[in-house]
Amino acid sequence: MLSDLLQLSSAPNNILYHNNFIENSVQASVDPASFTTAWNEPYSSGGNYWSDYNGSDVFSGPYQNETGSDGIGDTPYIMDNNNTDHYPLMNPYVLNYTVVFTGLGLSNGVTWWVDLNGDNQSSASGVISFSEPNGMYTYRTGASGYTASPPMGSVSVNGANTNEQVTFTRALNYGLIMAAIALVLGTALIVTGFLIRRRHRANDLTKP
């Protein structure tokens, strides 16, 4: 990203896009030997942000003649007769980075989820990814029948992609555990709060 005056001298065949030119008396200076420079990518990637651009954004499409805005100016930004940004951006370009969450310990096909600052995504694969600009983000994660470690936390995005790992373990099913104990003991167990009472089966009551 650029916010200072850009000067091109004897530098032809450049493609400059997704830069921010902000409050310069002359946003860019290009000598005749650099006239083959292009100032935008094809639609809808777009061009650059120019703080002195005064166009509007009512239309969309490669020819800016379709209904609906798209974040690209409807008219080109013209620097001079040889330099034009055909798809000027209406707002400063913000570079996003990939935030990847990797889930470990899940059985094949188990769906898990991650909520990153309110953006909730789920997947049955081992990876969930987000695209975010620089900043601090909080997250929560989980999967039905599993315990996540950590179940929540924060992620800092600072000029680079970042990776977070979450380890899942199967949650204990206490009902099944109690049933297994009952089978082993040959009794029926009644669980009330934290009190476990042992009740003999009817055919055991005749025993002395």
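Trp39 is buried in this predicted model, with a relative accessible area of 1%. Buried denotes under 20% relative accessible area, exposed over 50%, and partly exposed the range in between (1.4 Å probe, protein chains only). Phe21 is buried as well, at 0%. Residues are numbered from 1 along each chain as its sequence is written. Because the model is predicted, local features need pLDDT of at least 70, side-chain atom pairs count only at pLDDT 80 or more, and totals for chains, interfaces and linings use all residues, while side-chain values use heavy atoms, with hydrogens and water left out.

The structure holds 10 aromatic pairs. Rings of Phe, Tyr and Trp (its six-membered ring) pair if their centres lie within 6.5 Å; planes under 30 degrees apart count as stacked, over 60 as edge-to-face and the rest as tilted. The centres of the Phe21 and Trp39 rings are 6.4 Å apart and the planes stand at 65°, so this pair is edge-to-face. Phe21 lies in strand 2 (residues 20-21), whereas Trp39 lies in the loop between strand 3 (28-30) and strand 4 (49-50). The pair therefore ties together parts that are 18 residues apart in sequence. Strands (E, at least two residues) and helices (H or I, at least four) are DSSP runs, numbered from the N terminus.

Phe21 also pairs with Trp50, and this pair is stacked: 4.3 Å centre to centre, 5° between the planes. Trp50 lies in strand 4 and Phe21 in strand 2, so the pair ties together parts that are 29 residues apart in sequence. Both Phe21 and Trp50 are buried. Ring pairs link Phe21, Trp39, Trp50, Tyr53 and Tyr77 into a cluster.

A nonpolar core is a set of buried Ala, Val, Leu, Ile, Met, Phe, Trp, Tyr and Cys residues joined through side-chain atoms within 4.5 Å. The largest such core has 19 residues. Those touching the most other members are Phe101, Leu106, Trp112, Val114, Phe130, Ala143 and Phe168. At least two residues of this core come from each of strand 9 (97-104), strand 10 (112-116), strand 12 (127-132), strand 13 (135-143), strand 14 (146-149), strand 15 (152-157) and strand 16 (162-170). A second, separate core of 9 residues includes Phe21, Ala28, Tyr53 and Tyr77.

Phe101 sits in strand 9. Its relative accessibility is 0%, so Phe101 counts as buried. Neighbours within four places in sequence aside, Phe101 is in contact (heavy atoms within 4.5 Å) with residues including Trp112, Val114, Phe130 and Val166. With the same exclusion, contacts of Phe168 include Leu106, Trp112, Ala143 and Tyr146.

The structure holds 1 salt bridge, defined as a side-chain nitrogen of Lys or Arg within 4 Å of a carboxyl oxygen of Asp or Glu. Arg140 and Asp115 form it (4.0 Å, N to O). Arg140 lies in strand 13 and Asp115 in strand 10, so the pair ties together parts that are 25 residues apart in sequence. Arg140 is partly exposed at 42% relative accessibility, whereas Asp115 is buried at 14%.

The protein averages a pLDDT (the predictor's confidence in each residue, from 0 to 100) of 84. A score of at least 70 is reached by 76% of the residues. The pLDDT is below 50 over residues 191-196, a stretch with 5 contacts in the model beyond near neighbours in sequence.
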